[in-house]
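Here is a walk through one model, taken element by element. Please keep the sequence and the coordinates open while reading.

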Amino acid sequence: MSLSVFDLSNKTVVITGAAGGIGSATAHQLGGAGARLACSDIDQSALDRLKGELVAKGINVTTYLSNSSVESDVITLYQSIKRDLGVPDILVNNAAAGIHTPPQDTSNTEWDRVMATSLTGYFMNAREFSKLVLAAKKPAAVVNIASIAGSSAIGRGNFAYSVAKGGVIQMTRELAIEWATSKIRVNAIQPCSVNTPGWRKWVETEGEKAQILMNRLLQGIPMGRVAEPEDIANAVHYLSSDAASMVTGVILPVDGGNLSFNAGGNLGLTPNTLHDHPINRK
Ligand SMILES: NC(=O)c1ccc[n+]([C@@H]2O[C@H](COP(=O)([O-])OP(=O)(O)OC[C@H]3O[C@@H](n4cnc5c(N)ncnc54)[C@H](O)[C@@H]3O)[C@@H](O)[C@H]2O)c1
């Protein structure tokens, strides 16, 4: 296989939540492969910082202050991208928000807020993106950043977030089938914990229990580490490139084996700690 299938020259990529951990790693990766970038986020100063980093590398980037949970913002975003950069080729649906509230205490307001960003926002971006590429009869790719939380329960008050991510996974399959003959490929990635600003803040909310949570998380990941944002960006690059030209409707875990792992399988220990377990000591 020629490496040129990973080349993204002449492709325009929309990334939502671009200024965060996974979003900015994806911007660096896809921009480095030659793509023109349309980076959207609600955080202007973080967008400015990202733009500075990308421009310093010679990457072509335009930034948009846009809230992916607000319909008028999303509609305006795609009108602006079409005006500034033409019809885009790739959408990375990445902006999401969660809460940590047990189901019995979750208000409708909190539920709606999580769904608006983490599920409806993905739908609205995919819809507005598809209108442009369908009208232009262009092949295209959508990569939805889901989570392992979308197909296994993680508890600890991640209820609304997990349900939204489950919706993203099923939306991925439906859109893949709806748009297959129009050559819009739609795939999703399920990261385990990823070392990003958002994730570090989430761990810190556990206060003195943070270390216990970290140990617990690592026990669920057979490869014995959390993911780095670049691990996810590499998978986005593959799914959005011609290397994946026959791949659609796929839900790809990038999780160090987390979803394959049955908790009863190895006494809940990682390969790194297994040799230390009393049962294995001579
Ligand atoms: N970090 C993890 O452990 C992890 C694990 C599984 C899945 N994910 C998913 O990866 C994606 C990115 O997560 P991250 O860890 O990089 O987060 P992050 O908090 O580092 O970055 C998120 C970015 O999204 C932006 N954002 C938030 N709400 C927005 C909105 N309504 N409109 C536009 N932008 C918005 C934020 O300003 C921020 O720049 C999310 O979909 C998240 O659910 C993350």
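Predicted model: local features only at pLDDT ≥ 70, side-chain atom pairs only at ≥ 80, totals over all residues.

Where is the place of Lys137? Lys137 sits in the loop between H4 and E5. Phi of Lys137 is near 50°, which is positive although the residue is something other than glycine. Lys137 is exposed, because there are 9 other C-beta atoms within 10 Å and a residue counts as exposed at 12 or fewer.

Asn10 is in the segment before strand E1 (12–16), and Asn10 is not a glycine but has a positive phi of about 70°. Asn10 is exposed, since 9 other C-beta atoms lie within 10 Å. A positive phi is also found just after H1, where Gly34 has a value of about 105°.

Helix H1 itself covers residues 21–32. With 12 residues at 1.5 Å a residue, helix H1 should span 16 Å; the end C-alpha atoms are 17 Å apart, so the two agree. Of the 12 residues of H1, 10 are buried, and therefore H1 is largely enclosed by the rest of the structure. The buried positions of H1 include Gly21, Ile22, Gly23 and Ser24 at one part of the list, and Gln29, Leu30 and Gly31 at another.

A shell of 28 residues surrounds the ligand, and the closest are Gly17, Gly20, Ala96, Thr196 and Gly198. The elements giving two or more residues to this shell are H1 and helix H6 (197–204). Sorted by class, the shell around the ligand holds 12 nonpolar, 14 polar and two charged residues.

An α-helix has 3.6 residues a turn, so residues three or four places apart point the same way. With that in mind, the buried residues of H5 can be followed along the helix: Phe159, Ala160, Tyr161, Ser162, Ala164, Lys165, Val168, Met171, Thr172, Leu175 and Ala176.

Terms used: Residues numbered from 1 in each chain as written. Buried ≥ 20, exposed ≤ 12 C-beta atoms within 10 Å, placed from the backbone. Helix = DSSP H or I, 4+ residues; strand = E, 2+ residues; numbered from the N terminus. Expected span 1.5 Å × (residues − 1). Near = placed C-beta within 6 Å. Nonpolar A, V, L, I, M, F, W, Y, C, P; charged D, E, K, R; others polar.
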